[in-house]
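Subject: Structure for you to look at

Hello,

Here is the structure I promised to send. Please open it first, then read my notes below.

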Amino acid sequence: MPVTLSTFTHMWNPTGFPMVYIDENHYMRRAIQVIEGQGPQESIRVYDHPYDHPYFGQIFLAFLLKSTGYLSILNLSVIDSSSIESVYMLPRLLMGALAAINTILVFKIGEIWHSRNLGFVSSMLFAVMPLTWMLKMILLDTLLLPFLLSSILLAFYSSKIKRANANLSVIILSGITLGIAIFTKVPAIAFIPLVGYLVYNYNKNLKLLAFWVIPVLLIPLIWPVSIGLSGHTEDWLNGISYQVERGERNFLDTISLLYQADPVLWSLGIVGGIISLVMKKDFVFVLWTVPYILFIYYIGGIVKFFHFIELLPIFSITAGFIIISIVNNLGIILRRFNNDKISKIVSYAIISGVVLFGLFSSVLILQINTNESFFELSAFISNQLAKEDEINGEITMIGQHWIRSFSWIPMHLHDNVHYIKDVFPERYMREPVKTENVLLIVDKQLKHEIFDHSVQGQHLDEIRNLYHESERVGLFSDNITGKYNTDQYPFTNIKENNGFGLIEVRSNYDNKAYALSFNKSVLANNTNNSSSQQKMPTVFDPNLKVELIASGLKHPTSMAFLGNDDLLVLEKNNGTVKRIVNGNVVDKPILDLNVANKIERGLLGIAVSNQAPKDNKTNVYLYFTESTNDGNDVCQGATICDEETNPLGNRLYKFEWMDNKLVNPQLILDLPAGPGADHNGGVVEIGPDNNLYILIGDGDSCWEEEYCTGSFEDSPANSESSNVPTGAPPVGRGGILRITTDGEPILYGEKNTTGILADHSPLNKYFAYGIRNGFGIAFDPLTNKLWDTENGPGYGDEINLVEPGFNSGWLKVQGWWPVTIAEPLPAQRGYFGEDRIVKPSNLETFAEKGRYSHPEFTWNMSVGVTSIEFLTSNKLGKQYESDLFVADYNNDYLYNFDLTKDRSKLALKGNLTDKIANDNNELHDIVFGQGFGIITDIEEGPDGYLYLLSHINGNVYRIIPKSSEQLVMVDKQLYSQ
């Protein structure tokens, strides 16, 4: 029964759950190299740290694969997601088979250690408890585990053999299997005290212990001896140093994650181990766990969840021990009352209850498909790399460390030679790109480093240039945890199976293929992003649906309605204003402007004033980075631009809509566009007072002086409007400006000469200041008060209620946290310090006229918050009337917020009552939809429905009821979960 259950849990859905981890691809690559006759030790030419582990693991894996005819059964004639999935199928099944063998070994260890009943219960737990999903992974830990358990079992078994020769053979075999385990992965050395103790304790013979220890020491020495003979001792020492010194996860965080994943196994295992030590003076649990934990804590460097696979058997055994002890004691009590039958029923019920609990929990997570998008992305990359013959040149694949998950399949299974440039931060200094042709795999971390110039590296600017010189050829989205509440057991187990997020694939050699995948493969040769290529976005309210209104737009940024079914949309990079009538995009642009378009420059903002009060005409306002020609600004990065090609300025023009044309342009606002190419803001809104409100970024991400191209004193970030009291006077950047429809400031006082903050230009135009950058402003329909969204540098994205004279705090405070102008941003996103600012000091107040207030909501880890809109109608249901809708970039989420009765705050619940989303797990209650392809604008249409503009997909979507029947009120929190 245990073997049957183990086979089921560890071989069911092998390529669905868990996710394919990068280390699995490392070991598969090395095993294939062994099969191909390239030797057991990988070369430094293939991987920069080939000496990170001994090489028996790849030999053993290669043996398993070759003996099952792995390469011969693969169908690689067509490269698609199914063929990529088949690459992982057999290896994962082999790991499941090893798990079944380990189940037998656990049974025998429990049986010899205590009793057959203990062996049975222990092996059942090992077979079904949720955390044992790790045994399905192709890892060194799963490969060495049968050898480690065999060594322990043989040490136990030596006490049962009375014949000296047979006993010696068993003991030597125990040493050999432990030596092989160490030869697979060095941390197995921590089990020498355990097995050595068992050998001596059961035999009381030092000579036998000596025979045992010889293979334990000699077999692992094969590795350094072979390295020394090949003349690579220095590389070997560097590899060991790398393993010891690197680290990515806090040790206690990993322990906490494992406990959340399987609290029953951990709790019972620890209690059982302590009782076996205290009551029976048995040191097996201590010797199995303590040396290994100390080793990986002090010596092991990086600590990952799967490093605790070696402890799963002992926790299963000691958990079985406590269950058997409870059952036995209950049996004794019940038999005293002559209830032998009830005793047996209770015993079976307890054991069955725990096993069924574990099995049911495992089934809930094992049926999840975590790898669908991974296989699609891998197939797409393999097809892109296969174009070397077409383009007559080699290709370099560039991306973060984990892109090596995609390199070995085209290289070893499809015979496509290519280079890998790993831009993991510590490797920026390594070498330049070797080929003219590049394929960039851009995740949100790499995108952050490309656009954030506080991150530095010798060859990072080269990668930045390649990004801007390449074209998007594929877009893939994968967000497993967004579908489940990972704080709820057993879905806590998928915290380490959370997908890769949003991936952009860019190429400088092929702009014909465009793939968009949202958990479904789409590989097509089409330059237009047609609806047939895209999976529709989803909203989580079952009463509502998303429909496609229009498609075929190129990098749209903003939209505005001229009337019913009549819409103007801006295209960022080519400066065109497109018109959409009844869902049809008019072929010829309404207007084509010359725009600079590097980084965040371009055609950015639009507002339409229907029946403008002064002249009874329809006026259209366009905000854009004006240039002499499209895209003629030369910028190597966000803060590095050629002064000779700088654009004319960030400008707001007023046009008249006449005879279906935009005519009579009038410049009403002229702001500097440099020296950097980012933080331009650009959203334009007409307020209830019929005045114009424009959110403008501070104009420069150069806020860490050490990393500025020029002097920080010359940067627009160094100004009074950025809370630098000794800085330069404001130039109209870093705030929300309010002007009349003719571009004049709104003045007060006895003689109408003073703005909110001052009496002189441009400060008299400021409605708010202290803003780094933002892409959303909207007015509350019930209070007429202004709200905005703002972007932090890597943490502290905000939603704010913006009162006149509002100071948002940049660059002294972002979100609830101080801005430290000292070191580059951490590689991980988010503010991880303990500091929280309740009362900021040293802010610029402009003679006490400006007032700081904390955000009404903030994300610790930056999500790239974009547009914001209030819904005034009840067309989507009464529960959404006057609600606030917000979008983000990194998660591709659409959020829905209720407001409090006085409309001064957001009505937040649960973990969000502190106004902070510390991670994505806290966002469940406010996520309304996802998969729109980066919403850059949200507008309520004249029909009362929500319209959403997709920057990536080039589409306009609308959210409507599923039917014309009366909507059913739903609990938002319920459907969001």
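This is a predicted model: local features need pLDDT of at least 70, side-chain atom pairs count only at pLDDT 80 or more; totals for chains, interfaces and linings use all residues.

The chain exposes about 37900 Å², an accessible area from the Shrake-Rupley method with a 1.4 Å probe, where for residues only the protein chains shown count as cover.

Residues are numbered from 1 along each chain as its sequence is written, and side-chain values use heavy atoms, leaving out hydrogens and water.

Now the overall picture. The chain has 22 helices and 39 strands. These are DSSP runs, numbered from the N terminus: helices are H or I with at least four residues, strands are E with at least two. Of the 977 residues, 60% count as buried. Buried means under 20% relative accessible area, exposed over 50%, and partly exposed in between (1.4 Å probe, protein chains only).

Gln-33 sits in helix α2 (residues 22-35). Gln-33 counts as buried because its relative accessibility is 6%. Leaving aside neighbours within four places in sequence, Gln-33 is in contact (heavy atoms within 4.5 Å) with Gln-38, Gly-39, Glu-42, Val-46 and His-412.

Then look at Tyr-297. Tyr-297 is found in helix α14. Its relative accessibility is 45%, so Tyr-297 counts as partly exposed.

Best wishes
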